[in-house]
Amino acid sequence: MRRSSSSGGTPFISLLEPHPLTGWDRTLPADEQPDLDSLPRTFVDAMRVRQEVFVQEQNVPLANEFDADDPRSCHWVIYASVNKTVEPARTDPVTGKIIQPRRSETQSVPIGTIRLVPFPHPPHPLDGGVYVDGELVNSGEPVARVHSIHPAAGGERTTSQYSSNSTSPTLPNSQIVPPAPPSLIKPAFTPDRPTTYHDGVEPYLKLGRLAVIPAFRGRGIAQQLIKTAVAWARSHPEYFNPSATEQGFEQLGMEEGSRMRGGGVVPRWQGLICVHAQVEAIKVWERCGFVLDEGMGKWMEEGIPHVGMFLRVSLDKREDEFTI
Ligand SMILES: CC(C)(COP(=O)(O)OP(=O)(O)OC[C@H]1O[C@@H](n2cnc3c(N)ncnc32)[C@H](O)[C@@H]1OP(=O)(O)O)[C@@H](O)C(=O)NCCC(=O)NCCS
């Protein structure tokens, strides 16, 4: 974990690079995690913010908040210094006079978070689709179309492009383990459908889980988080690029015949960043240079309308401007 602080020490932003997060129980809140002390503080704080915002405020089920992207992502948490009462004032019960003043101390509290997810990703959501915990529960389309939707990106495929370790049909019933929900399965490198700003093939990073607790909204905190994550990605352009020589194509989850694999070319990030933005938050992303991808349409995630937005950053260190 790296820490950086602005001048004056507040607010400061903490970064957690990918971490296995072993022991995280997605059915429990952050403060009730059995291995709380062994988990990275930055992640626990990110989850505290995400739970307050997404679970309590937006009614996303707690168990759907943590997913397979969390261990492979970079997480940023922004903290504010807040004066907190640690011991209330004590008064004389007879005279009512204060015999010991209130004791307070300044504490750093997490107020916002964002994460940066590396490629590969599951396919772009379907226009009109309804998703719960990463799973398409209603396509808004006739079934036949859902199962053959992107001929331009490589022909027929099912809605799920995840590499699944699904149950063996030969096992007796008592040994059958239910398959993991899509949100807990690692996606594979496969072509996607082309959209307005994505050709379906180019590897992209994905920003998400942007949340600021209500008391600190409207002060540019979200903008600060987005800009921090984008600037970090720009200054670490190779960070998520896989190495086929070190890991092997199978380890990279590349499918046989995939266009990404074509000619043995390993996917390399070229500056494209995507976000699945809540419709209410479009303006926040636009302020940071993201533009709406009309071709991605609109869909529901956990009951909340979402759209796709993209930003292309220049990886040329001489250029300051971000463009799409
Ligand atoms: C969206 C969110 C992250 C913005 O955080 P923030 O720190 O207030 O954002 P900023 O201060 O950087 O930007 C604020 C701008 O967005 C607008 N805005 C902020 N919160 C908003 C909200 N809940 N709904 C609509 N607009 C909002 C403000 O009006 C402001 O624009 P203005 O300066 O023209 O008034 C925060 O409201 C939040 O956590 N919302 C709930 C979770 C969420 O929607 N996450 C986004 C997922 S894509």
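A polar contact is taken here as a pair of N or O atoms within 3.5 Å, and in this predicted model such a pair is formed between an oxygen atom of the ligand and a polar backbone atom of V212, at 2.9 Å. The backbone of G220 provides a further polar atom, which lies 2.7 Å from an oxygen atom of the ligand, and a polar backbone atom of I221 is found 3.5 Å from a ligand oxygen. The ligand taken alone exposes 860 Å², of which 76% is buried by the protein.

The shell around the ligand comprises 21 residues, and those that come nearest are L210, V212, G218, G220 and R287. By residue class, this shell divides into 11 nonpolar, five polar and five charged residues. At least two shell residues are supplied by each of the helices α1 (41–57), α4 (221–235) and α6 (282–286), and likewise by each of the strands β9 (205–212) and β10 (272–278).

The protein chain as a whole contains six helices and 14 strands. Of its 324 residues, 44% are buried, and its accessible surface comes to about 16800 Å², with 51% of that area belonging to carbon and sulfur atoms. Among the contacts in the chain with a separation of 6 or more, 69% are accounted for by residues 24 or more positions apart.

In soluble globular proteins, nonpolar side chains tend to be buried together. In the present model, the largest nonpolar core has 45 residues, and the members with the most contacts inside it are W76, I114, L116, L207, I226, W285 and F290. Helix α4 gives the most to this core, with eight residues. A second, separate core consists of nine residues, including L16, L21, F43 and V44. Within the largest core, L116 is one of the residues with the most contacts; when residues up to four places away in sequence are not counted, L116 touches S73, C74, W76, L205, K206, L207, W232, A233 and F240.

Strand β3 (residues 74–87) contains H75. With a relative accessible area of 1%, H75 falls under the 20% limit and is therefore classed as buried. A polar atom of the H75 side chain lies 2.9 Å from the backbone oxygen of D70. The contacts of H75, not counting residues up to four places away in sequence, are with S14, L15, L16, T42, F43, R50, D70, I114 and R115; L16 and F43 in this list are also included in the second core.

A68, which is found in the loop between α1 and α2, has a relative accessibility of 18% and so counts as buried, the limit being under 20%. The C-alpha atoms of A68 and K186 are separated by 6.3 Å, although these residues are 118 residues apart along the chain. Contacts of A68 are made with S183, L184 and I185, again not counting residues up to four places away in sequence. L272 is found in strand β10, one of the elements that supply at least two residues of the ligand shell, and is buried, with a relative accessible area of 0%.

Several backbone features were located in loops. The peptide bond from F119 to P120 is cis, with omega near 0 degrees, and P120 lies in the loop that runs between β6 (103–117) and β7 (130–132). A positive phi in a residue other than glycine is present at N59, where the value is near 60 degrees; N59 is found in the loop between α1 and α2 (69–72). The relative accessibility of N59 is 61%, which is over 50%, and N59 therefore counts as exposed. Phi is also positive at E302, a residue other than glycine, with a value near 50 degrees, and E302 is found in the loop between β12 (298–301) and β13 (304–313).

Terms used:
Residues are numbered from 1 along each chain as its sequence is written. This is a predicted model: local features need pLDDT of at least 70, side-chain atom pairs count only at pLDDT 80 or more; totals for chains, interfaces and linings use all residues. Side-chain values use heavy atoms; hydrogens and water are left out. A residue is near a molecule or strand if one of its heavy atoms lies within 4 Å of it. A polar contact is a pair of N or O atoms within 3.5 Å; within protein, one must be able to donate a hydrogen and the other to accept it, and residues adjacent in sequence count only if both atoms are side-chain atoms. Accessible areas come from the Shrake-Rupley method with a 1.4 Å probe; for residues, only the protein chains shown count as cover. Helices (H or I, at least four residues) and strands (E, at least two) are DSSP runs, numbered from the N terminus. Ala, Val, Leu, Ile, Met, Phe, Trp, Tyr, Cys and Pro count as nonpolar, Asp, Glu, Lys and Arg as charged, and the others, Gly among them, as polar. A nonpolar core is a set of buried Ala, Val, Leu, Ile, Met, Phe, Trp, Tyr and Cys residues joined through side-chain atoms within 4.5 Å. Buried means under 20% relative accessible area, exposed over 50%, partly exposed in between (1.4 Å probe, protein chains only). Contact means heavy atoms within 4.5 Å.
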